[in-house]
Amino acid sequence: MDAVAPGLFSADEFRRRAAHDATRQDAHTYDDHRLNGALFSDIRREALSKAAVLVPIVDRGSEATVLLTKRTQGLRAHAGQVAFPGGRVDPEDLSIEDAALREAMEEVGLERRFVETVGRLPDYIAGSGFLITPVLSVVSPGFSLRINPDEVDAAFEVPLRFLMDPANHIRDSGLWQEKKRYFYRMPYQDWMIWGVTAGMIHGLYERFYA
């Protein structure tokens, strides 16, 4: 993917693609769910707990980055995994976007004034019992993070170019409820991005950059 147009992985181009994606109407399955056939077909969406994550695309000029966190080991769900900032939707939240922004503030101290929400990805069914809505956003530079050690061990940025390169999307498998489940993993430096987060990233690639 070296021979690309200048600015393809900029925040401005991401914003433009998000606006175009909002006009799409299709019934395709995205992310790693398409690898797993009917594995999730028996799960009732209405029985799942609603959650929201913020997909923060940080404006770094021509080469945007994606802000990710590493969750602490003591959390009940997805402990120790690399994740987008996010969590359960509370009754007090005004919208899915409001929930994602609140969680980002609580987890890493990302202030709302730096964040512009620009769209959503299709809901993601997690085996942990959550129906997760990924909220797409562009983050302006100048922010500073304040890590909440009760929820997050670290926060780091990964180049959008790296995450949108399918060569970095390694397909793997494991047993889930005694059935083989396929998933993606994306090793980056000292970090291993896999599972739910890697599935959402692959879905983002399929819709925006494939």
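A residue counts as buried when its relative accessible area is under 20%, as exposed when that area is over 50%, and as partly exposed in between, using a 1.4 Å probe and protein chains only. The model on your screen is predicted, so local features need pLDDT of at least 70 and side-chain atom pairs count only at pLDDT 80 or more, while totals for chains, interfaces and linings use all residues. Residues are numbered from 1 along each chain as its sequence is written, and side-chain values use heavy atoms, with hydrogens and water left out.

Two more terms are needed before you start. Helices (H or I, at least four residues) and strands (E, at least two) are DSSP runs, numbered from the N terminus. A salt bridge is a side-chain nitrogen of Lys or Arg within 4 Å of a carboxyl oxygen of Asp or Glu, and a search of the whole structure finds 17 of them.

**First stop: E13 and R17.** Select both residues in helix α1 (residues 11–21), where they sit 4 residues apart, about one turn of the helix.

**Second stop: R60 and E157.** Here the closest N and O atoms of the salt bridge are 2.8 Å apart. R60 belongs to the loop between β1 (49–58) and β2, whereas E157 belongs to strand β8 (residues 152–159), so the pair ties together parts that are 97 residues apart in sequence. R60 is partly exposed at 39% relative accessibility, and E157 is also partly exposed, at 28%.

R112 is partly exposed at 40% relative accessibility, whereas D98 is buried at 14%. Then select D90, D93, R102, E103 and E106, which salt bridges with shared partners join into one network.

**Last stop: T72.** This residue lies in the loop between β2 (65–71) and β3 (82–83), and T72 is buried, with a relative accessible area of 7%. What does the side chain of T72 reach? The side chain of T72 reaches the backbone oxygen of D150 at 3.4 Å.

Notes. Polar contact = N/O pair within 3.5 Å; in protein donor to acceptor, adjacent residues only side chain to side chain.
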